[in-house]
Amino acid sequence: MPSITVKLYSVFFKMRLKNRLQGWIQTPPDESSNQEGVRTRAEEPVSASNPYFTDGIATKDIRVDPSTALSVRIFLPESALLPSERPQPKSKAEESSLKSENNGDQGYTPSGQNCRKLPIMLQFHGGGWVSGSNDSVANDSFCQRIAKLCDAIVVAVGYRLAPESKYPAAFEDGLKVLNWLGKQSNNSTGDEPWLVAHADPSRCVLLGVSCGANIADYVARRTVELGKELDPVKVVAQILMYPFFLANEPTQSEIRLANTYFYDKAICLLAWQLFLPKDEFSLEHPAANPLAPNRGPPLKLMPPTLTVVAEHDWMRDQGVAYSEELRKVNVPAPLLDYKDTVHEFATLEMLLKTPQAEACAEDICIWVKKYISLGCHEFSY
């Protein structure tokens, strides 16, 4: 069972989130007053970007769409640099002093010669559609961990949040970033030097956390449908961490764990009400149920899919069911089922240093390296 600390924190977490969601439902924000949308909440702590390879990772924020709030944070591991280019280790105090002295400096600039190419992991954060961000303290720490372990460039998407931007805004943002990545791989069309120099779009993995897993799955489906239109981007695998899947038919985990930790059923249904347009609200909506009737493309065309589920998550069985259906049509779709864990156990800030969170990140990287190692990615779109 989860610890007493987790249980107590969950109580206050749910109370605060439920009050916020009910407030938005009672007094909806004026969508016309914020055409750009929002990608973060003022009350949620964020981590500043740092382009100086502190602890082996350099980060940078990029506005992808000038007309909306859509942005990305790039996590570039120091392993992308040639040995002769790698900076001497500095303490965090020295890094802070360096940034103060070079306030207008952009940090690391690729040499442009013999740059090492790394796979890309396109990451979508969680937060129940209404909260979280790509630069939150928790998401920043998680993405840094993944970038180091997988030896990959992580591109964390700051998609537009509900209720200011309802469905399909977040899904459209995911696909827009994938198209943007394709342009960055070309010297003539790319304007982001880190990606132009170091990104290999032919080795792209989608990584979705909670509701971000729903976005990842949507983007994966669109890559199947678009095929070569997305060249040179090729999605070789996807990772769905405790997906935010729902359906009309209640599962055993839903019946048994409806009032579980952090994101219980009542809170999740409020979040879905805020995310979906009023006339589209349904637990069988394609955004909620990947196994909804007539949803395309055929599952047999989906990329290899790793699904992570938590024992004490009421949505657990929906993730299990999707993984099982993929395996039935011969899609490589292993399931990682972690005992004594809760929804977002590997990505919530207070749980990031737990053994389960660390093991989960390591397990993900062991699996995904089959598909992103050079010479090993036979499956792609």
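1. A residue counts as buried under 20% relative accessible area, as exposed over 50%, and as partly exposed in between, using a 1.4 Å probe and protein chains only. By that rule, both Arg160 and Asp173 are buried. This is a predicted model, in which local features need pLDDT of at least 70 and side-chain atom pairs count only at pLDDT 80 or more, while totals for chains, interfaces and linings use all residues. Residues are numbered from 1 along each chain as its sequence is written, and side-chain values use heavy atoms, with hydrogens and water left out.

2. Start with Asp173. Helices (H or I, at least four residues) and strands (E, at least two) are DSSP runs, numbered from the N terminus. Asp173 sits in helix H4, residues 169–184. Its relative accessible area is 1%, so Asp173 is buried. Contact means heavy atoms within 4.5 Å. Leaving out residues up to four places away in sequence, Asp173 touches Leu70, Tyr159 and Arg160.

3. Which residue forms a salt bridge with Asp173? Arg160 does, with the closest N and O atoms 2.8 Å apart. The pair links distant parts of the chain, 13 residues apart: Arg160 is in the loop between strand S4 (153–158) and H4, and Asp173 is in helix H4. A salt bridge is a side-chain nitrogen of Lys or Arg within 4 Å of a carboxyl oxygen of Asp or Glu. The whole structure has 20 salt bridges.

4. Now look at Lys14. Its side chain meets that of Asp264 in a salt bridge (3.2 Å, N to O). Asp264 lies in the loop between helix H7 (252–257) and H8, and Lys14 lies in helix H1, so the pair ties together parts that are 250 residues apart in sequence. Both Asp264 and Lys14 are buried.

5. Helix H1 also holds Arg20. The side chains of Arg20 and Glu44 meet in a salt bridge (3.2 Å, N to O). Glu44 is in the loop between H1 and strand S1 (57–63), 24 residues from Arg20. Glu44 counts as buried because its relative accessibility is 16%. Arg20, at 19% relative accessibility, counts as buried too. Arg20, Glu43 and Glu44 are linked in a network of salt bridges.

6. How do H1 and H8 cross, left-handed or right-handed? First, the geometry. Axes are lines fitted to C-alpha atoms, for helices over the stretch in contact, and angles run from 0 to 180 degrees between N-to-C directions. The axes of helix H1 (residues 4–26) and helix H8 (residues 265–275) come within 10 Å and cross at roughly 30°. That makes H1 roughly parallel to H8. Angles under 35 degrees count as roughly parallel, over 145 as roughly antiparallel, 65 to 115 as roughly perpendicular and the rest as oblique. The crossing of H1 and H8 is left-handed. Lys14 is among the H1 residues that meet H8.

7. Compare H3 and H10. Helix H3 (residues 137–150) and helix H10 (residues 355–372) pack at about 45°, with axes 9 Å apart. H3 and H10 are therefore oblique to each other. H3 passes H10 in a right-handed crossing. A crossing is left-handed if the near helix is turned anticlockwise from the far one by less than a right angle, and right-handed if clockwise. Arg145, Ile146, Leu149 and Cys150 are the H3 residues that meet H10.
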